[in-house]
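Hello,

Here is the structure I promised to pass on. My notes on the salt bridges and on one helix pair follow below.

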Amino acid sequence: MAESELISQARAGDGAALGRLLRARQDKLYRTAFLYTRNQADTLDVVQETALQAMLSIKRLRHPEYFDTWLIRILINSAYRLMRSRKPVGDEAPAAAASPDNAAVLHLDLVQDLAALPAKLRDVVILRFFNDLTLQEIGRVLHLPVGTVKSRLNRALQGLREKGEVIHEYDDGFSKNN
């Protein structure tokens, strides 16, 4: 069944259709939520809250062709809501595996560097490089003009480059997509 048909069915109240749409995006939702929360329990809470909010508001989706950007916006709002409700306990870094390889260490360092960015800069990096959204789609998700998205992305990348060596491992991919 075509995705547009599933979205139409979900908007008409078909919970199974919405479930199929959410399951198809579960990995992307989990990865994105983890970049905001930096721990598994909170990530799962955010994904679950996103699914609930999507279920409650799917009928109000005005433009079905923007389902993905609509869903990511719900996830970002859910993540920020959860983070505001939690009292900071200190610098919570994600736990590394018992014997992490170099790629895992680089990934954890990148997650920590992302977390250190201001929220408005972090959002554009996450949406661009971890969700593969275009600049126009990011603008729709964040309700920003494309020019503002571009400038925030450039400032974020510059900030990550200044942070240290971690970004240089990813720099080729970032520079090509800039």
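**Salt bridges**

The count comes to four salt bridges. Please keep in mind that this is a predicted model. I describe some of the bridges here.

Start with Glu-3 and Arg-25. Their side chains meet in a salt bridge, 2.5 Å from N to O. Glu-3 sits in helix α1 (residues 3–11), and Arg-25 in the loop between α2 (15–24) and α3 (26–37), so the pair ties together parts that are 22 residues apart in sequence.

How exposed is each partner? Glu-3 is partly exposed, with a relative accessible area of 41%. Arg-25 counts as buried, at 10% relative accessibility; the cut-off for buried is under 20%.

Arg-25 also meets Asp-68. That salt bridge is 2.3 Å, N to O. Asp-68 lies in helix α5 and Arg-25 in the loop between α2 and α3, so this pair ties together parts that are 43 residues apart in sequence. Asp-68 is partly exposed, with a relative accessible area of 30%.

Next come Arg-86 and Asp-42. Their side chains form a salt bridge of 2.6 Å, N to O. Distant parts of the chain are linked here: Arg-86 is in the loop between α5 and α6 (102–116), while Asp-42 is in helix α4 (residues 40–57), 44 residues apart. Arg-86 is partly exposed, at a relative accessible area of 39%. Asp-42 counts as buried, at 12% relative accessibility.

Which residues do shared partners join into one network? They are Glu-3, Arg-25 and Asp-68.

**Helices α5 and α7**

Two packed helices are described by the angle between their axes and the distance between the axes. Here are both values for this pair. The axes of α5 (residues 67–85) and α7 (residues 119–130) come within 13 Å and cross at roughly 140 degrees. That makes α5 oblique to α7, because the cut-off for roughly antiparallel is over 145 degrees. The crossing of α5 past α7 is right-handed.

Which residues meet where α5 contacts α7? On the α5 side they are Ile-72, Ile-76 and Tyr-80. On the α7 side they are Ala-119, Arg-122, Asp-123 and Leu-127. By class, this contact has five nonpolar residues, two charged and no polar ones.

Best wishes

Terms used
Residues are numbered from 1 along each chain as its sequence is written. This is a predicted model: local features need pLDDT of at least 70, side-chain atom pairs count only at pLDDT 80 or more; totals for chains, interfaces and linings use all residues. Side-chain values use heavy atoms; hydrogens and water are left out. Axes are lines fitted to C-alpha atoms, for helices over the stretch in contact, and angles run from 0 to 180 degrees between N-to-C directions. Helices (H or I, at least four residues) and strands (E, at least two) are DSSP runs, numbered from the N terminus. Angles under 35 degrees count as roughly parallel, over 145 as roughly antiparallel, 65 to 115 as roughly perpendicular and the rest as oblique. A crossing is left-handed if the near helix is turned anticlockwise from the far one by less than a right angle, and right-handed if clockwise. Contact means heavy atoms within 4.5 Å. Ala, Val, Leu, Ile, Met, Phe, Trp, Tyr, Cys and Pro count as nonpolar, Asp, Glu, Lys and Arg as charged, and the others, Gly among them, as polar. Buried means under 20% relative accessible area, exposed over 50%, partly exposed in between (1.4 Å probe, protein chains only).
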